[in-house]
Amino acid sequence: MPEQASKFALEVDLFYIALWLMTIFFTVGIVAAIFLFMVKYRRRHDGEIPEQIEGAMTLEILWSVIPFIMALGIFAWGAKIYHEMYTEPKEALEIFVTGKQWMWRAQHPDGQREINTLHIPVGRRVKLTMTSEDVLHAYFIPAFRTKADVVPGRYTTTWFEATKPGTYHLFCAEYCGTQHSGMIGTVTAMEPGEYESWLGGGTKEPPAVAGEKLFSSLACSTCHQADGKGRGPKLVELYGKEVKLNNGSTVTFDDTYIRESVLDPGAKIVENYQLIMPSFRGQVSEEQIAQIIAYLKSIGPKDAGATAAKPAAPAAVKSAAAKPAAVPSAKK
C-alpha cells in the first residue's frame, strides 16, 4: 500500500484490510466446504439412494443472521468514513484547482499559483474546490487516500489533512485522453512555517482581489451596485443565502449558481428582475470565474469568506466604467 500521510489513510486502510480478510475467510471456507461435501457425499456405487437429510432451523438462522449483521457493520463503517471524507470542514484552507489536458493548475487564497504541484501545510485542513476546462478528470493523491472527480461545468470539493511532511504523488485517475498517463504531479506537505515562507515567494495577487478587478473590468459593478440601486440584484452579503427566482423557486447563491449565471444568465433569473445580462461564455476562463466567486465570497457574510483574502471595499466598485451589463437580470 502507498504511504499513509493523511488522517483518513489509516482508517481507510483498516477498512480495506477488513474487507480483504472477510473475503479470504469466506472464500476459503466455501471452497473447503465444497471439497468436504464432494468427498463425504460422493456416490459410492451404482443404484445408491442418497440418505434424506432433514433441515436444521438453528443453522439456517445463524447463516442468515450472522452475514446480515456483518453486512450492516460494513455499511455502517463505510458510511462513517464516507461522511467524514465528504463533509466539508469549517475554517479550512481553500485552494482552487482547475484540471485541463494535461495539467493541474492550483491557486492559493493569497494568489500563489502553481502547475502540477500543490504545496500545503501539515496539520491543517485543506479544502480543494475543483473544476475542469475540458473533460472529466479525477484528482487522486494515493498517500492521502483521496480521490474526487473533477467535472466540466460543475464544482466538486474534497478535503484532507496531511499528517507528516513529504512529497507525494498526484495522479489523474480518470482516462481523459491519449496523454492521460502523463497528467501527473506532486503534493508537497510542509511544516506551517515553511509553508508561510513558500507563500511569501513569487509574484502573487489574491483571487478575491483579482476577482474584484475582473468584476469591475467586465462592468458587472454597473448593474450589481453595492447600494442595491442597479439594474441587477445587490450581491453584497449574498453568498450562501437563498435567492428567490422569477419562477417561484429558490436557489442558493453559491459557487455553482454564480458560475451558471456568468455563463448562462437566463437559466435562473432573480425575482423582480429581467434578463439583460449577456453571457460571458468564451470570454472568461474557469480560473477567472473562480476569482469572481472568491470576490463575491469576500463581500458576503464573514464566515463565507473566512479563508479568502479581503479585497477593497465594495464601494470602490462603483467607479467602474459603464460597459455591457454583467448581471443575470435587471429590475422590471
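**Entry 1: helix packing.** I took the axis of a helix to be a line fitted to its C-alpha atoms over the stretch in contact, with angles running from 0 to 180 degrees between N-to-C directions. I noted that the model is predicted. I then looked up helix α4 (residues 207–217) and helix α7 (residues 286–298), which pack at an angle of about 100° with their axes 7 Å apart. Because angles of 65 to 115 degrees count as roughly perpendicular, I recorded α4 as roughly perpendicular to α7.

**Entry 2: the contact residues.** Which residues in α4 meet α7? I listed Pro 207, Ala 208, Ala 210, Gly 211, Glu 212, Leu 214 and Phe 215 on the α4 side. In α7, I found Gln 288, Gln 291, Ile 292, Ala 294, Tyr 295, Leu 296 and Ser 298. By class, I recorded 9 nonpolar, 4 polar and 1 charged residues in the contact of α4 with α7.

**Entry 3: aromatic rings.** I found that the structure holds 14 aromatic pairs. One of them joins Trp 104 and Tyr 139, edge-to-face, at 4.8 Å centre to centre and 80° between the planes. This pair links distant parts of the chain: Trp 104 lies in strand β2 (residues 103–107) and Tyr 139 in strand β6 (residues 137–141), 35 residues apart. I recorded both Trp 104 and Tyr 139 as buried.

I next looked up Tyr 195 and Trp 198, a stacked pair with 6.1 Å centre to centre and 20° between the planes. Both residues lie in helix α3 (residues 192–200), 3 residues apart, about one turn of the helix. Why is Tyr 195 called buried? Its relative accessible area is 1%, and buried means under 20%.

Finally, I noted that Phe 144, Phe 160 and Tyr 168 form one aromatic cluster.

How values were computed
Residues numbered from 1 in each chain as written. Predicted model: local features only at pLDDT ≥ 70, side-chain atom pairs only at ≥ 80, totals over all residues. Heavy atoms only, no water. Phe/Tyr/Trp six-rings, centres within 6.5 Å; stacked < 30°, edge-to-face > 60°. Helix = DSSP H or I, 4+ residues; strand = E, 2+ residues; numbered from the N terminus. Buried < 20%, exposed > 50% of the residue type's maximum accessible area, 1.4 Å probe, protein only. Parallel < 35°, antiparallel > 145°, perpendicular 65-115°, else oblique. Contact = heavy atoms within 4.5 Å. Nonpolar A, V, L, I, M, F, W, Y, C, P; charged D, E, K, R; others polar.
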